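Open the structure in your viewer and keep the selection tool at hand. The stops below say what to select next and what is there.

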Amino acid sequence: MAMKVVIASSEVTPFAKTGGLADVTGTLSHVLKNMGCQVMVFLPYYREVWQKGISTEKLDVDVTVPIDRRILTVGIYRSVTPGGVSVYLLKRDEYYDRTCLYATPEGDYFDNLERFTLFSRAVVEALMALKAIPDIIHCNDWQTGLIPAYIQSLYAPHFKKTATVFTIHNIAYQGLFPATLFDITGLPAEMYNMEGIEFWGKINLLKAGIVYSDVVTTVSETYSKEIQTPEYGYGLEGVLRKRKDRLFGVLNGVDYSQWNPQTDRYIKANYSEKDLSGKAICKKDLLKEYHLDVNPSIPLIGIISRFAEQKGFDILSSSMEELMKLELAMVVLGTGERRYQTLFEELARRYPDKLSVKIAFDEALAHKLEAGCDFLLMPSRYEPCGLNQIYSLRYGTIPIVRATGGLDDTIRDYSEKNGNGFKFREYSPQALVEKVKEAISVYKNKKKWRTLQKRAMREDFSWHQSARKYLSIYRLAVGLKRGELSSAELHKN
Ligand code: ADP
């Protein structure tokens with residue numbers, strides 16, 4: 001019988017997106033469906049969804065959710081993707097009809113606990129109202145961390161055979177809230193303790209997901225190990241070490257129907273590994289779009305990024321003076337924290353002939369950067385998986401990355417015979433600059449450069465392998481939940 005899988009996520013491509021999470025849930029749902037699962041996806045009905053003109057149909061059922069002392073009604077809307085996946089959007093306008101999903105450049109929305117408690121509990125209520133009790137609820141990041149807690153407590157009698165899988169896409173974002181707000185969750189008071197949702201005197205929604213789910217996954221093998229250490233665990237390393245039997249790393253895949261220079265509809269000219277002439281056209285087009293009047297033969301380095309501390313902008317800004325002495329140009333696309341917007345704007349003013357910045361979330365431009373640049377730079381302090389470096393490989397745009405998390409798992413440092421990019425290990429401006437210098441020296445050797453580009457373009461990170469892993473993890477989770485397996489047996493399977 002087909003496995004019934006629910007994916008609950010605070011963002012899903014093409015409905016709403018701030019980063020890689022949306023790409024992962026959007027694509028995984030389709031691949032699972034094509035592998036024979038019955039898939040339902042849940043996300044909040046944000047302003048972004050109707051602004052994009054995505055059509056939805058209101059279902060006859062509403063659900064009610066108690067939040068604190070109020071009972072709130074949540075509308076359920078359905079949309080079917082072109083790939084045939086049913087997506088359920090939960091509507092409550094005062095929470096989700098806003099400019100951003102979680103935060104403005106000035107900081108987080110003040111009521112995020114209410115917003116995502118409502119979402120999490122409404123998902124569970126909606127499954128009951130729709131009489132769609134699944135085998136698996138696959139939850140993602142802190143915004144859905146309460147779902148496993150509800151399934152193990154208030155709603156346990158209705159979900160005796162339903163297992164929960166919780167994926168950590170980024171452990172630094174934990175959904176921390178003051179303990180005094182615990183009543184909002186409606187959970188039994190005894191769940192607020194050190195073994196449960198409490199974390200140094202606060203509510204921690206990511207921890208809820210980790211401790212109450214049947215299986216925990218994260219988005220690369222290396223990151224699954226890193227987060228068990230103090231350097232990368234953001235205080236949750238001990239909790240994860242305790243649950244390491246149930247922790248798996250599954251690398252994200254790529255949707256090559258969206259990220260492929262042969263078919264990409266956003267770029268000026270399509271091209272392939274056999275004929276790269278279109279790439280030069282894309283580069284010229286990109287330089288024009290960024291108003292950079294440089295010789296198109298000099299190496300062009302791109303950055304596409306959320307502006308957040310993890311992305312390595314401190315070592316980048318300390319490297320800038322050295323980098324700008326080299327014969328290269330840089331284009332940046334990003335949005336996020338104000339301090340990094342200011343940083344890049346100042347750099348662009350200081351180096352107007354070599355560096356140009358666009359502060360925007362612009363899907364089309366992201367594709368143009370992937371195609372038009374020679375290099376993509378990701379000097380991340382940490383990177384759970386990272387998607388841009390994997391996309392860039394297919395575009396013959398060579399990643400320069402720091403060896404951490406998924407960057408380490410997907411990029412092999414350059415050698416003539418092997419390697420698909422450039423990778424430095426030490427988190428320092430010197431290591432970054434040295435690697436960029438090495439990358440440029442290879443770029444200047446046409447023969448070596450072409451060989452490297454072609455090798456990169458042949459890499460295959462399609463979703464099937466990862467989806468197969470998720471499917472086997474789902475089976476393990478169900479086995480655990482139904483008492484057919486013990487956690488000690490998990491990693492043997
Ligand atoms: P993260 O999820 O940490 O932001 P990933 O590399 O996993 O990083 O995923 C980032 C995704 O978001 C990619 O699809 C990337 O193209 C996209 N993205 C990031 N910033 C922008 C932006 N400013 N405009 C358009 N797309 C962006």
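Buried means under 20% relative accessible area, exposed means over 50%, and partly exposed lies in between (1.4 Å probe, protein chains only). This is a predicted model, in which local features need pLDDT of at least 70 and side-chain atom pairs count only at pLDDT 80 or more, while totals for chains, interfaces and linings use all residues. Residues are numbered from 1 along each chain as its sequence is written, and side-chain values use heavy atoms, with hydrogens and water left out.

**Stop 1: the sheet**

Helices (H or I, at least four residues) and strands (E, at least two) are DSSP runs, numbered from the N terminus. Two strands pair if DSSP finds at least two bridges between them. Select the open sheet of nine strands, whose order is 3-4-5-2-1-8-9-13-14, with mixed pairing. Which strands stand at the edges? They are strand 3 (57-67) and strand 14 (247-249); each has a single partner strand, so one side of each is left without a neighbour in the sheet. From one strand to the next, the twist averages 25°.

Now zoom in on strand 13 (residues 215-218), which pairs with strand 14 in the parallel sense over three bridges. Here T217 stands opposite F248 in strand 14.

**Stop 2: helices on the sheet**

Axes are lines fitted to C-alpha atoms, for helices over the stretch in contact, and angles run from 0 to 180 degrees between N-to-C directions. Contact means heavy atoms within 4.5 Å. Select helix 6 (residues 205-212), which packs on the sheet and touches strand 9 (163-168) and strand 13. The direction of helix 6 makes about 135° with that of strand 9.

Next select helix 4 (residues 112-129), which lies across several strands, including strand 1 (4-8), strand 2 (38-44) and strand 3. Helix 4 runs at about 125° to strand 3.

**Stop 3: S224**

Select S224 in helix 7 (residues 221-226). Is S224 buried or exposed? S224 counts as buried, at 5% relative accessibility. Apart from neighbours within four places in sequence, S224 is in contact with T218, L247, F248 and G249.

**Stop 4: two crossing helices**

Show helix 1 (residues 20-34) and helix 18 (residues 463-481), whose axes come within 10 Å and cross at roughly 75°. Helix 1 and helix 18 are therefore roughly perpendicular to each other (the term covers 65 to 115 degrees; under 35 is roughly parallel, over 145 roughly antiparallel and the rest oblique). On helix 1, the contact is made by V24, T27, L28, V31 and L32, and on helix 18 by W463, H464, A467, Y470, L471 and Y474.

**Stop 5: salt bridges**

A salt bridge is a side-chain nitrogen of Lys or Arg within 4 Å of a carboxyl oxygen of Asp or Glu. How many salt bridges does the structure hold? There are 29.

Select R92 and E94, a salt bridge with its closest N and O atoms 2.9 Å apart. E94 is partly exposed, at 38% relative accessible area. Then select E337 and R339, where the closest N and O atoms of the salt bridge are 2.8 Å apart. E337 counts as partly exposed, at 29% relative accessibility.

Finally, select K435 and D413, whose side chains meet in a salt bridge (3.0 Å, N to O). K435 lies in helix 16 (residues 429-444) and D413 in the loop between helix 15 (405-410) and strand 20 (422-424), so the pair ties together parts that are 22 residues apart in sequence. K435 is buried, with a relative accessible area of 9%, whereas D413 is partly exposed at 30%.
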